[in-house]
Number of protein chains: 2
Amino acid sequence: MPADGRARVVIEGVEPEIDCGRYPIKRTVGERVFIAADVFTDGHDLISCALLHKQAGARRWSKTPMTLLENDRWGGSFTVEVLGRYRCCIMAWVDHFRSWRRDLKKRVAAGQDVAVDLQIGAGMAKLAAARADGAGGRRLAEIAGALEDARRTPAERIEMAMGEELSALMARWSERQHAAKHDRELEVEVDRERARFSAWYEMFPRSASEKPGRHGTFRDVAARLPYIAGMGFDVLYLPPIHPIGVTHRKGRNNAVRCERGEPGSPWAIGAKEGGHTAIHPELGSATDFRRLVKKAEEHGIEVALDIAFQCSPDHPAVREHPEWFRKRPDGTVQYAENPPKKYQDIYPFDFETEQWESLWQYLRDVVLHWIGEGVKIFRVDNPHTKPFAFWEWLIGEVKRDHPEAIFLAEAFTRPKVMKRLAKLGFSQSYTYFAWKNSKWELTEYFTELTATKVREYYRPNPWPNTPDILNEFLQFGGRPAFAARLALAATLSASYGIYGPPFELCEATPREPGSEEYLDSEKYQIRAWDLDHPDSLRDTIALVNRIRRSNPALQFDRSLRFHHVNNDELICYSKRTQDWSNVILVVVNLDPSHRQSGWVDLDMDELGLDPQQPYQVEDLLGVEKYLWHGAHNYVELDPEQSPAHIFLLRPQVRTASDFEHYM
Amino acid sequence: MPADGRARVVIEGVEPEIDCGRYPIKRTVGERVFIAADVFTDGHDLISCALLHKQAGARRWSKTPMTLLENDRWGGSFTVEVLGRYRCCIMAWVDHFRSWRRDLKKRVAAGQDVAVDLQIGAGMAKLAAARADGAGGRRLAEIAGALEDARRTPAERIEMAMGEELSALMARWSERQHAAKHDRELEVEVDRERARFSAWYEMFPRSASEKPGRHGTFRDVAARLPYIAGMGFDVLYLPPIHPIGVTHRKGRNNAVRCERGEPGSPWAIGAKEGGHTAIHPELGSATDFRRLVKKAEEHGIEVALDIAFQCSPDHPAVREHPEWFRKRPDGTVQYAENPPKKYQDIYPFDFETEQWESLWQYLRDVVLHWIGEGVKIFRVDNPHTKPFAFWEWLIGEVKRDHPEAIFLAEAFTRPKVMKRLAKLGFSQSYTYFAWKNSKWELTEYFTELTATKVREYYRPNPWPNTPDILNEFLQFGGRPAFAARLALAATLSASYGIYGPPFELCEATPREPGSEEYLDSEKYQIRAWDLDHPDSLRDTIALVNRIRRSNPALQFDRSLRFHHVNNDELICYSKRTQDWSNVILVVVNLDPSHRQSGWVDLDMDELGLDPQQPYQVEDLLGVEKYLWHGAHNYVELDPEQSPAHIFLLRPQVRTASDFEHYM
């Protein structure tokens, strides 16, 4: 037998709930959390339902009423105000007073004698009076007395019984006897806004020198900040800044042997100068780094570091902690492999080591070290090659004291693995965006990301390019292709990033035909860039980022909706704020070579537009303004002029009928 | 930190799983249970995955391997052999041997030196040898030695390393170190076949007399058995057989006052002769009842009783246990109500009583009493007006010792309530079938019941009519409407039922226009029926039930698929066995008034048919046989002749090319 056989209400089908509550949903400070559930009881009694929530550590729950949506589905919401974990839960109970009131109404309408029913109501009010305190209790007792008071007319007593005052008091002091509580508390991970809305710029500090041939430094990067801020980025992500190994160091274009003086790959971490907490001497000192972080802040930019948990053979840990690496039968250390390929410049940590606990702690301390140096954002390299449980623990450990920390998962792997990393705690995730170039691919993919349960835990951060990815569309499409991919990334997703300067300079030469690697990649050599090249996209990028900042619709992903266009080279979608105060409609030409035109067919409800009234569309990326009518409208884009329309929609401010003389 | 940071495999997305494993899925003895899950690990290692299962009480698990389906999804199955609860669970582990073997293959293909790799493999084989027993262990040790044996050629050693023998031994003695186990064990409720496949006949025993005017008895019912068995029914459901109350007894056609001698409603349970465990004296004795149960068994029929947990004011419990009923302030007992309607002949039990535990036990004992009398099937009246937790407990209690018990939920209420009752334990459930009469309604509803998660716990038992439901379609459509609804119920669903004799006699007069109640309903009076009326559907019913018995396809619901017909008055669907050894295609004319024709467009894959080959369709309900070709075929049904085709499909046995002289 259950503990309380009289707990008659059932709560099920709670949403959003990730893997039966195993993982939290994600929100940012100031957002509302809307929770829905199927809640019902046996028989004909009415129920009441409340949403409880609190910060994870707090003792007291806050309670807000839930309302019946339809078909036994109830909904309620609360706002998350503080960084960190929240918990929430649903409780519900049979509400005898509400049932009684509903029935009384029917009896009165049928002209029945309700004397006994008024007595029943008085009884409930008396019990509530005993539960209530102060004025409420006194008033309830008064009303209870009045309901039974034979000196009052039945009509008077009925009016009092049905009155709003009694209802409000009874709701406030509801019995909640035998209340049911959902058997799982759901968690909400609350991040700061930048976890949801961010524009990333990746660059190699060693290529930041003004003087070709000289190794760039943190000071050079600091000098580059106005340029980056001018384009409107707010996260500056640096590939690993640690000492680079010399054993088996790779040469330019990933050559197995390197020439004297070649700098090697920054991902071959560790040398005699130190490991994951040290700084590559040629970049500068720890002080220089802290200065850069501070300077960047002055420009509204946060420096993000790369977390790449692997070692060069020269990493101090290889010597100091041989137990964290796998030994081969011949006594050598196991290097990284993807058979038949061997990466002898890299030693992976052995996460199956007996000493996994000390290894985990060491790696956590690497992150904490950089947090101590002022870094709060981390781009994690290949998280899918380390155990899921490790990341869940590490992120939890770091965020416990530093809930402002943001982790971006750089995993390009199978979909379920990418989703699992997001569920277990990564704040943002790389995407398949680089390989989604046609209209149907983009539509299907971003619909999955923004309109299914995935949106509750997976924050996409699409990149048109990275040091590892120069896709065919960019290789063949030239400058218009770069512009179109920028417009897509920056408007489909509230967070996005580019790898510059190659991106804004439209660098498009692959190492060899069919490859997605850059020729003369900065991963293996220092490059000098002509930032003032006239074809640079920097002004377009700056404009797009300004549009993002001034339009809240573009700062969230869940309102994304695709609209039909009768041309497969044109894609059309909208985003809006919940209250329709800001509505953006984007049309992108996916063909970098030809002018394309077509007719859009807009979902007017979604856009909050009256199909009978004209409305203004103002292209924030161009100069055009149009007055549109209805759902069906003509669009045309010439890739040589503009990759996209980013329309701000406005219901027409005035129509003729607004003027008095027409009335 | 987790207990074992080296448990790297993740198991999620397990299906079928009802409400996060809160409820069991349902199967019948001999069925296979197929379980699928997303299982994967970090990095590039291969994994292995096993499905564990056992009877709930057993100590040891049986283990069967799961196989990779696609995209990180794994599947496995087992057969349930015994009545009662099974439990199952998934475990998975990183399989270093399989990973090593895959990599060795690539290295060998690339012409690399694999001496060290063979040593690694030998090391794994040695560890497995230590785990293994007997011959397996010795053979593993031998192979391990051979892999390292410098006297053998590399080619020999590689062949041995890649051989099936080593793979099989390593799989058998897999390390399973740091294996992950899914954090929930899933349950399977295993019922007997009749829970899944049954044909119900409901009748009022008191109307079973051959002699009009005489109160029918159990002996009369026994005499009716050949008639019922002749129609092919295997469950005979009797409305309550208990003493009927006299206080506020209802008259014919639900009149508030009854005339002297009127029998009252059998659902007003309890009188001075006794309550829920007593028998209405006019029906016979307990011995007569036991004889009826036994006699029915001889005809292959089980007697099902009605469980209606409510009392007439004259029920002994009202006097003996006043604490189980709610008191009104005026001292009277609270009668049933649906304001403004009052049912003063019925006292509901008060499930919110302080004494709920004794009430629950009492009600459970009612069921156990009838089980003691040989009844194993119960039709439960209005279960949705008693607490869900009560039913879950009661059914669990009864089935613990009597796993053969079957409970049918008679709830016609909101969808989530009906589903919850099915989840918590009811073996079968009434449906909305009576109100689904058009093609789109039937298609949508039965697709939900058979092709979504609902099928894992909800076994539909559709009834074209009941003593409470004479729908408009039957009222207006006459005999052809009854025939069509019978064909639908009996072929859409493996279980179904009718309320006879009104059904087979096509009784179609409502109490008043717009009502779904029968005129002169047997609920309130005794009726005499002319079973030999020439318009009786008994022969059609007998034929339909014979078809159901000889075609296994019709004994399960999950294979139901709808096929397109270009006429909304014709509905077409198929059912088949898993191996296509039995394939049934049904076409029903939903228009009882007109001949309808159209073209079906069959899903040939679903039917297991080669679109290039002709096939036979034989109408088991009529006499026609056709040779059809391809997906597109003409059908025509005249309601005056036949409501439906029930085609048995057979790939054509011989074609010209089978004969030698054509070859």
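**Group meeting: sheet, helices and cores**

Good morning. I begin with chain A, whose domain assignment gives domain 1 (1–95 + 178–191), domain 2 (97–173), domain 3 (194–474 + 490–501) and domain 4 (555–660); such bounds come from an automatic or database domain assignment. The C-alpha centres of domain 1 and domain 4 of chain A lie 38 Å apart.

This is a predicted model, in which local features need pLDDT of at least 70 and side-chain atom pairs count only at pLDDT 80 or more, while totals for chains, interfaces and linings use all residues. Residues are numbered from 1 along each chain as its sequence is written, chains are lettered from A and ligands numbered from 1 in the order in which they are written, and side-chain values use heavy atoms, without hydrogens and water.

Let us turn to the sheet. Helices (H or I, at least four residues) and strands (E, at least two) are DSSP runs, numbered from the N terminus. Two strands pair if DSSP finds at least two bridges between them. In chain A, eight strands form an open, antiparallel sheet in the order β27-β26-β29-β24-β23-β22-β25-β28. Its edge strands, β27 (625–629) and β28 (632–637) of chain A, each pair on one side only. Strand β25 (residues 596–601) of chain A pairs with β28(A) over six bridges, in the antiparallel sense. One residue of β28(A), A:Val635, is the bridge partner of A:Gly598.

Which strands does helix α13 of chain A touch? Helix α13 (residues 472–492) packs on the sheet and touches β22, β23, β24 (583–589) and β29 (644–651) of chain A, where contact means heavy atoms within 4.5 Å.

Next, the cores. A nonpolar core is a set of buried Ala, Val, Leu, Ile, Met, Phe, Trp, Tyr and Cys residues joined through side-chain atoms within 4.5 Å; buried means under 20% relative accessible area, exposed over 50%, partly exposed in between (1.4 Å probe, protein chains only). The largest core has 155 residues, and A:Leu238 and A:Trp391 are among those with the most contacts inside it. Its largest share, twelve residues, comes from α13(A). Apart from it lies another core, of 154 residues, including B:Trp200 and B:Phe482.

Finally, consider helix α3 (residues 134–148) of chain B. Its 15 residues should span 21 Å at 1.5 Å a residue, and its end C-alpha atoms are 22 Å apart, which agrees; the expected span is 1.5 Å times one less than the number of residues. Among the buried residues of α3(B) are B:Leu140 and B:Ile143. The cover over the buried residues of α3(B) includes α2 (115–131), α4 (154–162) and α5 (164–172) of chain B.

How values were computed: Axes fitted to C-alpha atoms, helices over the stretch in contact; angles between N-to-C directions.
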